[in-house]
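Subject: Structure handover

Hi,

Here is the structure I promised to pass on to you.

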Amino acid sequence: MAPSKQKQWLVQGKQKGFDELVFQDAPVPKAGDYEVVVKLHGASLNYRDLIIPRGLYPFPLDLPVVAASDGSGEVVEVGAKVTKWKKGSKVVTLFNQGHQYGAMTAAASKTGLGGVLDGTLRQYGVFNENGLVPMPKNLEYVEAATLTCAALTSWNALYGLKPILPGQTVLVQGTGGVSLFALQFAKANGAKVIATTSSAEKGKKLKQLGADHVINYKEDQNWGETARKLTPDEVGVDHIIEVGGAGTMTQSLKAVRFEGVISLIGFLGGAKPQDSILEALNRVCTLRGVYVGSREQMEAMVAAIEANNIHPVVDNKIFSLEQAKDAYEYMWAKKHFGKIGIKIE
Ligand SMILES: NC(=O)c1ccc[n+]([C@@H]2O[C@H](COP(=O)([O-])OP(=O)(O)OC[C@H]3O[C@@H](n4cnc5c(N)ncnc54)[C@H](OP(=O)(O)O)[C@@H]3O)[C@@H](O)[C@H]2O)c1
């Protein structure tokens with residue numbers, strides 16, 4: 001049985017940055033007929049969680065809201081009509097609770113955890129039975145919690161439009177969560193990976209994770225051209241995981257091959273690229289906006305994680321629920337490598 005009270009982090013508004021985060025007591029929600037109550041054991045942060053209280057997040061919000069989308073835990077209460085789960089089932093949250101199958105829709109884009117619906121920085125959460133997926137059997141709770149947003153976004157980029165094939169080349173930018181998952185998924189499928197980073201030390205870690213080539217984007221301003229030259233016959237890259245936006249788009253367009261896909265995922269280097277969208281015609285490539293992914297895709301991803309025994313890259317510093325605000329500061333200060341893990345007692 002779940003207790004009646006719990007601790008949670010609420011995002012109150014989007015004016016005052018991290019001061020909008022309030023640690024408070026709250027009632028433990030009850031399960032409706034088609035819902036389950038999950039004792040959350042792990043959570044993780046995304047760049048999105050940092051920019052919501054800073055007023056920079058471009059997708060729908062309904063504040064105040066319990067923070068964060070990423071979580072894993074154990075089902076402790078089951079609604080009367082639930083068929084998918086039982087007490088003790090280990091689960092991971094689905095980012096957009098309404099994105100079940102197929103294409104993203106406007107309605108599904110308004111169902112994000114930690115943005116529109118209450119999220120995972122709490123001890124107990126109530127979720128529709130379809131808003132969860134089975135936790136990979138090879139992962140611990142904190143590892144599994146990192147899959148909700150960054151991992152599924154990478155999976156969707158690599159498999160959602162033109163599924164990646166063995167022998168193809170993938171370019172990943174920087175060493176954030178999205179890029180490292182893309183590296184791992186691409187290598188698991190026999191692709192070559194070109195990774196960029198701003199640091200020699202992180203470059204070594206990228207190699208350890210299987211990157212075939214590492215380019216320092218601070219030292220090599222023309223890294224897109226360099227990446228192209230590293231592909232067979234210099235044809236260019238098949239899939240680009242574009243997280244830098246204005247900071248990287250010009251180089252991504254230099255790197256991509258004819259009929260390649262640039263997945264537009266983030267804008268860490270600014271939101272107003274200089275390039276005309278007509279470059280997609282000049283380069284004969286696809287520019288595709290990606291917004292996380294569906295439950296169907298997440299279940300396929302979980303199967304691949306188990307089959308390949310993939311372990312998410314989690315930063316060495318793990319935070320407690322009480323320390324979650326410190327985790328926001330740590331990530332904002334760019335002290336992390338990979339995902340930020342939060343252990344929930
Ligand atoms: N569309 C979606 O559905 C979706 C889903 C998830 C995330 N996102 C977005 O994707 C982006 C990445 O998310 P994340 O969670 O992976 O972020 P993250 O963990 O904060 O990534 C940080 C890393 O990105 C690299 N980086 C920063 N600025 C860069 C630049 N100008 N050029 C190249 N690399 C740069 C740095 O790598 P080095 O230190 O190695 O240089 C940095 O350590 C964010 O903008 C996020 O909002 C979008």
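How many bridges join strand β1 to β2, and which way do the two run? Keep in mind that this is a predicted model. There are seven bridges between β1 (residues 5–11) and β2, and the two strands run antiparallel. Then go on to Lys7, which stands opposite Asp25 of β2.

β1 has a partner in β4 too: two bridges join them, again with the strands antiparallel. Look for Leu10 there, as its bridge partner in β4 is Val66.

Put together, that makes an open sheet of three strands in the order β2-β1-β4, with antiparallel pairing. β2 (21–27) and β4 (65–66) are the edge strands, each pairing on one side only.

Now for the ligand. Its shell is made up of 31 residues, and the closest are Gly174, Gly176, Gly247, Gly266 and Gly269. The elements giving two or more residues to that shell are α1 (47–51), α3 (147–159) and α4 (177–188). By residue type, the shell splits into 12 nonpolar, 16 polar and three charged.

And where does the ligand sit relative to the domains? It lies between domain 1 (5–146 + 312–343) and domain 2 (153–289), because both of them give residues to the shell around the ligand.

That's what I have for you. Happy browsing!

Cheers

Terms used
Residues numbered from 1 in each chain as written. Predicted model: local features only at pLDDT ≥ 70, side-chain atom pairs only at ≥ 80, totals over all residues. Near = placed C-beta within 6 Å. Helix = DSSP H or I, 4+ residues; strand = E, 2+ residues; numbered from the N terminus. Nonpolar A, V, L, I, M, F, W, Y, C, P; charged D, E, K, R; others polar. Domains from an automatic or database assignment. Pairing = 2+ DSSP bridges.
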